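Subject: Structure for your review

Dear colleague,

I am passing on the structure below, followed by my notes on what was found in it. Please read the notes with the coordinates open beside you.

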Amino acid sequence: MFTNYSVQVADFAERHFLKNFKKKYKSAWDVTWRAIIEEFKRMDSLFETEIAEKIICSAQIDICKTEFRVAGTKESRKSSGNRCIVAVDKIMPVVHVLLVYGKTDLSGKNETAEWKTIVKENYPEYKNLINKC
């Protein structure tokens, strides 16, 4: 049986890369974002696919990376390079959207190292969890 999660988008995610998607894709982004939020409400089912991957796990919080494609584009989820980093609180149950980015939004050569640094610098509540891995 799957858990129904509530979804909260962090202010940092809104202020940074998320606004780029809104500006670039306009109405297609609205459709895409609603679909992403609905997927996150059923986060457990995403783990049964290749769409979501648990990167860091603890008793309460899992830090996960998910892929998405923007509606109306011909790119696949994987080839688009579009990703979300979320913190799944399994106790509450809440999915916190921490980052929404395209690979070109990150400046480093190592995508994983780059988003971990961004999360550590902007989400102190997850810093210790990321430092353990």
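Helix 5 (residues 111-122) and helix 6 pack with their axes 6 Å apart and at an angle of about 135°, and the two helices are therefore oblique to each other. Here helices (H or I, at least four residues) and strands (E, at least two) are DSSP runs numbered from the N terminus; axes are lines fitted to C-alpha atoms, for helices over the stretch in contact, and angles run from 0 to 180 degrees between N-to-C directions. Angles under 35 degrees count as roughly parallel, over 145 as roughly antiparallel, 65 to 115 as roughly perpendicular, and the rest as oblique. Lys-116, Val-119, Lys-120 and Asn-122 in helix 5 meet Pro-124, Tyr-126, Lys-127, Ile-130 and Asn-131 in helix 6, where contact means heavy atoms within 4.5 Å. By class, the residues of this contact divide into four nonpolar, two polar and three charged, with Ala, Val, Leu, Ile, Met, Phe, Trp, Tyr, Cys and Pro counted as nonpolar, Asp, Glu, Lys and Arg as charged, and the others, Gly among them, as polar.

Please keep in mind that this is a predicted model, in which local features need pLDDT of at least 70 and side-chain atom pairs count only at pLDDT 80 or more, while totals for chains, interfaces and linings use all residues. Residues are numbered from 1 along each chain as its sequence is written, and side-chain values use heavy atoms, with hydrogens and water left out.

Lys-26 counts as exposed because its relative accessibility is 56%; buried means under 20% relative accessible area, exposed over 50%, and partly exposed in between (1.4 Å probe, protein chains only).

Turning to the sheet, five strands form an open sheet in the order 1-5-4-3-2, with mixed pairing, two strands being paired if DSSP finds at least two bridges between them. Strand 1 (6-9) and strand 2 (52-57) are the edge strands, each pairing on one side only, and neighbouring strands are turned by 30° against each other on average, direction ignored. Strand 2 and strand 3 form a hairpin with three residues between them, and they pair in the antiparallel sense over five bridges, one of which joins Lys-54 to Cys-64 in strand 3. Strand 3 (residues 61-67) also pairs with strand 4 in the antiparallel sense, over seven bridges, and Ile-61 has Asp-89 of strand 4 as its bridge partner. Helix 6 (residues 124-131) lies across strand 2, strand 3, strand 4 and strand 5, running at about 90° to strand 3. In the loop between strand 4 and strand 5 is Pro-93, joined to Met-92 by a cis peptide bond with omega of about -20°.

Leaving aside neighbours within four places in sequence, Arg-83 is in contact with residues including Glu-67, Arg-77, Leu-99 and Glu-111.

Finally, the largest nonpolar core has 22 residues, and those with the most contacts inside it are Trp-29, Trp-33, Phe-40, Met-43, Phe-68, Val-86 and Val-100. A nonpolar core is a set of buried Ala, Val, Leu, Ile, Met, Phe, Trp, Tyr and Cys residues joined through side-chain atoms within 4.5 Å. Two or more residues each come from helix 1 (11-25), helix 2 (27-41), helix 3 (43-46), strand 4 (82-89) and strand 5 (94-102), and helix 2 gives the most, with five residues. Apart from this core lies another, of 20 residues, among them Ile-61, Leu-106, Val-119 and Tyr-126.

With best regards
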